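Please keep the sequence and the 3D view at hand while reading.

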Amino acid sequence: MNHTRRNFLKFAGLTAAGLCVASAGGALAVSGAGSAIRDDEKVLKAKRWAMVIDTKKVGTKETIAVLAKACHAAHNVPDIPGKQNIKWLWAAGFEEAFDQPNNYMDEGLEKREFPLLCNHCTNAPCVRVCPTQATYKRADGIVAMDYHRCIGCRYCMAGCPFGARSFNFMEPRLHLDLAALNKEFPTRMRGVVEKCNFCVERLAHGKQPACVEASQGALVFGDLSDPASEVRKVLREHYTIRRKPALGTEPGVYYII
Amino acid sequence: MKLYNGGKIITGLVIFLGIFLAPLAYNAGKAAYIQPKLKMPENEKECVESKEFMRTKHMQLLDQWRDWALRDGQRMYVNSKGKVFEMSLQKTCMKCHTNKAEFCDKCHNDASVTPYCWDCHVQPEGLKK
């Protein structure tokens, strides 16, 4: 063969192409563990998960503390004194919860406490502003988080109109009872945001959310898109309101007043 | 042929090669690297995939598990032999590998890598203050 420029370029081109194919093959081989994925047989599925809270039954700080305790124990949420506390579920009065101050309210409502948590909005602002897609919307309506990806920018906290998100200003393990950890669920680390996850990890194995289980029927959880579901039945029978509907985020948590 | 500044160039090359090959000379005669002895689970003989696959690719597998479980909501993994596992570090891996210090850390220390799994995931021994 002649040592011409043409031959040299042909050879160099073929070599480069061969290297590309080889490295692509290597990358594909990584995922090729010869495996399949599927659901647990017991998984609870829905098109749109939603929760209805009967505030007549859970309307005091004490009853809400029971729900919060069940939730926080299940998810290793620390209790930090002061402003830097982490909360997935907490209690607040009517005005704080619903943004509708009323100076001549009946006494029962005026003194009632409301359990607040992430609303798992249909149009969730936190999902839209997250720069790393650490917060994302699942097909079943749950706004979930992947803490591996969270960079702690806190845009989601600025975006959320419900104050449902907490930032880990310090190492959360310093304030956890390490002997009583739920060893089936991770903790978080300093510098990430966290919030209620509607107990996706429990739904995946056919269990109701921890707060619903602890509420003795005051909280109802189910599929909003199914007219025969328990939540739809409760919504038909009671007068309910949602938090800050004017913002158009379409919360998935309803309150029986 | 004439090499301009030949003395300097050759001295430079000799010094360079000397430094470059110093680690080889330093380690000459020493025993070769031996893979650390890991504490294997007592009740289980087979891992999720083959031993060789787990040794070289467990990080990629865990990455995929995370995305499948969190993003796709599919939490069960059917391995190449048809056996089903839940995709969970704490609920599956750590149920057999019950000692982080005797298992994970040994290779990670030798390879000088510090994965940050345990910043959040609870290690099987539990946590101490």
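Helices (H or I, at least four residues) and strands (E, at least two) are DSSP runs, numbered from the N terminus. Read in that direction, the elements of chain B follow the order α-α-β-β-α-α. The model is predicted, so local features need pLDDT of at least 70 and side-chain atom pairs count only at pLDDT 80 or more, while totals for chains, interfaces and linings use all residues. Residues are numbered from 1 along each chain as its sequence is written, and chains are lettered from A and ligands numbered from 1 in the order in which they are written.

**Overall form of chain B**

- Chain B contains 4 helices and 2 strands.
- The C-alpha trace of chain B spans about 70 × 35 × 30 Å along its principal axes.
- The radius of gyration of chain B is 23 Å, whereas a compact globule of 129 residues would have a value near 14 Å; the radius is taken over C-alpha atoms, and the globule rule is 2.2 Å times the number of residues to the power 0.38.
- Of the 129 residues of chain B, 12% count as buried; a residue is buried if 20 or more other C-beta atoms, placed from the backbone, lie within 10 Å of its own, exposed if 12 or fewer do, and partly exposed in between.
- Two residues are in contact if their C-beta atoms, placed from the backbone, lie within 7 Å.
- Among contacts in chain B between residues at least 6 apart in sequence, 55% join residues at least 24 apart.

**Helix α3 of chain B**

- B:Leu89, B:Cys93 and B:Met94 are buried in α3(B).
- These residues lie on the same side of α3(B), because they cover an arc of only 90° around the axis; the arc is that of the directions from the helix axis to the C-beta atoms.
- The cover over the buried residues of α3(B) includes α2 of chain B.

**Where the two chains meet**

- Chain B gives 27 residues to the contact and chain A gives 25 residues.
- On the side of chain B that touches chain A, the elements giving two or more residues are α2 (51–71), β1 (76–78) and α3 (89–96) of chain B.
- With 8 residues, α2(B) gives the most to this side.
- The residues on this side of chain B divide into 10 nonpolar, 9 polar and 8 charged; Ala, Val, Leu, Ile, Met, Phe, Trp, Tyr, Cys and Pro count as nonpolar, Asp, Glu, Lys and Arg as charged, and the others, Gly among them, as polar.
- Strand β1 (residues 36–38) of chain A and β1(B) run antiparallel and are joined by 3 bridges; two strands pair if DSSP finds at least two bridges between them.
- Within this pairing, A:Ile37 stands opposite B:Tyr77.

- Strand β3 (residues 89–92) of chain A runs antiparallel to β4(A), with 4 bridges joining them, and A:Leu89 stands opposite A:Leu117.
- Strand β4 (residues 114–117) of chain A is covered on both faces, with A:Phe114 and A:Leu116 buried on one side and A:Pro115 and A:Leu117 buried on the other.
- A:Phe198 is placed in the loop between β8 (193–194) and α7 (200–203) of chain A.
- A:Phe198 counts as buried because it has 26 C-beta neighbours inside 10 Å.
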